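Please look at the sequence and the 3D structure shown here. A short report on the fold and on some side-chain contacts comes after them.

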Amino acid sequence: GCWLLVVVCWLLLEEVIVELDLIGRGGNNTPTMPPKKQAKTQIKDSKEATEKLLEYMTRQNRPFNAVDLFQNLHQLISKTCIIKTLVEMAEANQLKEKVFGKQKIYFVNQDKFDKLSKEELAAKDKELEALKEEVKQNSSANKALKSTLNALVSSPVTEDARKQLKELKEMNKKKTEKLRMLRENGEVISESKKDKINKDYITMVKEWRKRKRMAKDILDQILEGYPKSKAKLFDEVGVETDEDCKVNITDFPL
């Protein structure tokens, strides 16, 4: 059980390290694959593949999936052959198979190795805790880097920023000129006149809302017994809506 937890932590740590590496390379979400170098004679025979895989996995004594082995052995064995051979080796109890979601990992049957002492198990537990802490720290770093990357991606590129700056400068220039003209030539409105304008505005908007509501109620009653569409009724009666006049009552708050 302890060894399996180490396996899981190892896999989680590898995934975090890969994501950090990708972000460090510029945020490309496509894993960077090593250049493909076709082996001169790629192994496709199951028996020969078994010998190579067992020797390599015993020497490394760590979990692998099929893709890891295909890459780590520099494509010496075909991927199809690796997948098939791993299944056969697991059935023959040469390897152990564990499934994590959609991923299958394989490792050498640990019965072939000496049993760990209590001291060694304690050391593995300590190593496991260290790995958990490393996963936690790398996950936090990964999250921070993703946030930085998203901010950089959403920021305008230099050319766009220059264009926006130019547009803002022109807009600022026009508004500054308009403000200058208003200050020099604008009419100063007295407090009493301003209050009257505000009162008139409120009165008119309230009357608009009241008449709009009354017209709607009347037209809704007519439409209950009207055989044609609402648009046809409005056309025949000559009703002009706010939309027809391109105004919206919500743009005039009280």
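This is a predicted model: local features need pLDDT of at least 70, side-chain atom pairs count only at pLDDT 80 or more; totals for chains, interfaces and linings use all residues.

Residues are numbered from 1 along each chain as its sequence is written, and side-chain values use heavy atoms, with hydrogens and water left out.

**Overall fold**

The chain has eight helices and two strands. Helices (H or I, at least four residues) and strands (E, at least two) are DSSP runs, numbered from the N terminus. Along the sequence the elements follow the pattern α-α-α-α-β-β-α-α-α-α. Of the 254 residues in the chain, 21% are buried. Here buried means under 20% relative accessible area, exposed means over 50%, and partly exposed lies in between (1.4 Å probe, protein chains only).

**The hairpin**

Strands pair if DSSP finds at least two bridges between them. Strand S1 (residues 95-100) and strand S2 (residues 103-108) run antiparallel and are joined by six bridges. Leucine 95 has valine 108 in S2 as its bridge partner, and lysine 98 has isoleucine 105 in S2. The two strands form a hairpin with two residues between them, and glycine 101 in the turn has a positive phi of about 65°.

**Aromatic rings**

Rings of Phe, Tyr and Trp (its six-membered ring) pair if their centres lie within 6.5 Å; planes under 30 degrees apart count as stacked, over 60 as edge-to-face and the rest as tilted. By this rule there are two aromatic pairs. In the pair of tyrosine 56 and phenylalanine 64, the ring centres are 5.4 Å apart and the planes are at 45°, so the pair is tilted. Tyrosine 56 and phenylalanine 64 are both buried. The charged end of arginine 62 sits over the ring of phenylalanine 64, 4.4 Å from the ring centre. For this contact, NZ of Lys or CZ of Arg must be within 6 Å of the ring centre and within 35 degrees of the ring normal.

**Salt bridges**

Side chains of opposite charge can pair when their charged atoms come close. A salt bridge is a side-chain nitrogen of Lys or Arg within 4 Å of a carboxyl oxygen of Asp or Glu. The structure holds 10 salt bridges, and the table includes three of them.

| Pair | N to O distance |
|---|---|
| Lysine 194 and glutamate 191 | 3.6 Å |
| Lysine 196 and aspartate 200 | 3.0 Å |
| Aspartate 242 and lysine 212 | 3.0 Å |

Aspartate 242 counts as buried because its relative accessibility is 14%, whereas lysine 212, at 38%, is partly exposed.

Lysine 194 and glutamate 191 both lie in helix H7 (residues 191-225), three residues apart, about one turn of the helix. Glutamate 191 is exposed at 51% relative accessibility, and lysine 194 is partly exposed at 40%. Lysine 196 and aspartate 200 also lie in helix H7, four residues apart.

**A nonpolar patch**

Tyr201, Ile202, Val247, Phe252 and Leu254 make a nonpolar surface patch of about 390 Å². Patches are made of residues with over 30% relative accessible area and no salt bridge; like charges are joined within 9 Å, and nonpolar side chains (Val, Leu, Ile, Met, Phe, Trp, Tyr) within 5 Å. Accessible areas come from the Shrake-Rupley method with a 1.4 Å probe, and for residues only the protein chains shown count as cover. Phenylalanine 252 lies in the segment after helix H8 (230-237) and counts as partly exposed at 31% relative accessibility.
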